[in-house]
Amino acid sequence: MSERISKISDFLLQLDALKSINRRSYINGGERVENSAEHSWHLAMACWAFAELFPEDYDISKLIKLALLHDLGEIEAGDTFLYSTNRSDAHIEERKCVEKIALHPGNPIENIIGLWEEQEAGKSKEAKLLKVIDRLLPFLHNITSEGRSWQDNGIHKDQVLKMHQFIEDENHEIYDWFISKVEYAIEQGWLNGS
């Protein structure tokens, strides 16, 4: 028994490395940037809350698992900024890391790779909701920090609209809210409207 506990303990310490990956979103109205582990927890909670809010019949257990696995690849690949030009290749290095985690001798969780691939592909209704909420949370952080991350990185309205456009097809209610907040952010001077 003690060998199994030692192996899973080592596995958990490997996962703990996600706490060291900083993102560019500021929490608590601009206090500091969040790390990827905080984001994963927040994403899981937000997905659960939205799944309860909307009438679709989501598999909440699966949704939470997808959210918790979503950024595991960042342990080695790091976080790729939403507006980065090399964003399209980020999944390659992330997948390599997820494969290493799945093969860890202390990993008792089956199907990590399959679930990670599901959220990456974004085809199931749970993965689609996750993609929407994953974009919504950093946007929400920008609203509460008065656009601090946008301003730090010289982000403009057209960039924000482009990276969130897919939400219109997935959920009109969220997209309408998003558009109203974009306009508010521009009015407040938090987001460059040109």
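The crossing of helices H2 and H7 is right-handed, where a crossing counts as right-handed if the near helix is turned clockwise from the far one by less than a right angle, and as left-handed if anticlockwise. Helix H2 covers residues 36-53 and helix H7 covers residues 125-144; helices (H or I, at least four residues) and strands (E, at least two) are DSSP runs, numbered from the N terminus. The model is predicted, so local features need pLDDT of at least 70 and side-chain atom pairs count only at pLDDT 80 or more, while totals for chains, interfaces and linings use all residues. Residues are numbered from 1 along each chain as its sequence is written, and side-chain values use heavy atoms, with hydrogens and water left out.

Two packed helices are described by the angle between their axes and the distance between the axes. The axes of H2 and H7 come within 9 Å and cross at roughly 115 degrees; they are lines fitted to C-alpha atoms, for helices over the stretch in contact, and the angles run from 0 to 180 degrees between N-to-C directions. On the H2 side, the contact is made by His39, His42, Leu43, Ala46, Cys47, Phe50 and Ala51. On the H7 side, Leu129, Leu130, Ile133, Asp134, Leu136, Leu137 and His141 take part. Contact here means heavy atoms within 4.5 Å.

Helix H2 also holds Met45, which belongs to a nonpolar surface patch together with Trp41 and Trp48. The accessible area of the three residues together is about 350 Å², computed by the Shrake-Rupley method with a 1.4 Å probe, with only the protein chains shown counting as cover for residues. Patches consist of residues with over 30% relative accessible area and no salt bridge, like charges being joined within 9 Å and nonpolar side chains (Val, Leu, Ile, Met, Phe, Trp, Tyr) within 5 Å. Met45 is partly exposed because its relative accessibility is 38%; buried means under 20% relative accessible area, exposed over 50%, and partly exposed in between (1.4 Å probe, protein chains only).

Side chains of opposite charge can pair when their charged atoms come close. The whole structure contains 13 salt bridges, each defined as a side-chain nitrogen of Lys or Arg within 4 Å of a carboxyl oxygen of Asp or Glu. One of them joins Glu3 and Lys7, with an N to O distance of 3.3 Å. Both residues lie in helix H1 (residues 2-16), four residues apart, about one turn of the helix. Glu3 is exposed at 55% relative accessible area, whereas Lys7 is partly exposed at 37%.

A salt bridge also connects Lys62 and Glu126, whose closest N and O atoms are 3.8 Å apart. Lys62 is in helix H3 (residues 60-69) and Glu126 in helix H7, so this pair ties together parts that are 64 residues apart in sequence. Lys62 is partly exposed at 22% relative accessibility, while Glu126 is buried at 5%. In a further salt bridge, the side chains of Glu117 and Arg95 meet at 2.1 Å, N to O. This pair links distant parts of the chain, with Glu117 in helix H6 (residues 112-121) and Arg95 in helix H5 (residues 90-102), 22 residues apart. Glu117 is partly exposed at 28% relative accessibility, and Arg95 is partly exposed at 27%. Salt bridges also link Arg23, Glu34, Asp71 and Asp79 in a network.

Positive phi values occur at two asparagines. Asn28, in the loop between strand E1 (22-27) and strand E2 (32-35), has a phi near 50 degrees. Asn28 is exposed, with a relative accessible area of 58%. Asn111 lies in the loop between H5 and H6 and has a phi of about 65 degrees. Asn111 counts as partly exposed at 49% relative accessibility.

Leu191 is located in the segment after helix H11 (172-188) and is buried, with a relative accessible area of 3%. The C-alpha atoms of Leu191 and Gln151 are 7.0 Å apart, although 40 residues separate the two along the chain. With neighbours within four places in sequence left aside, Leu191 is in contact with Trp150, Ile155, His156, Lys157, Val160, Val182, Ala185 and Ile186.

Ala102 is part of helix H5. Not counting residues up to four places away in sequence, Ala102 touches Asn107, Ile112 and Ile113.
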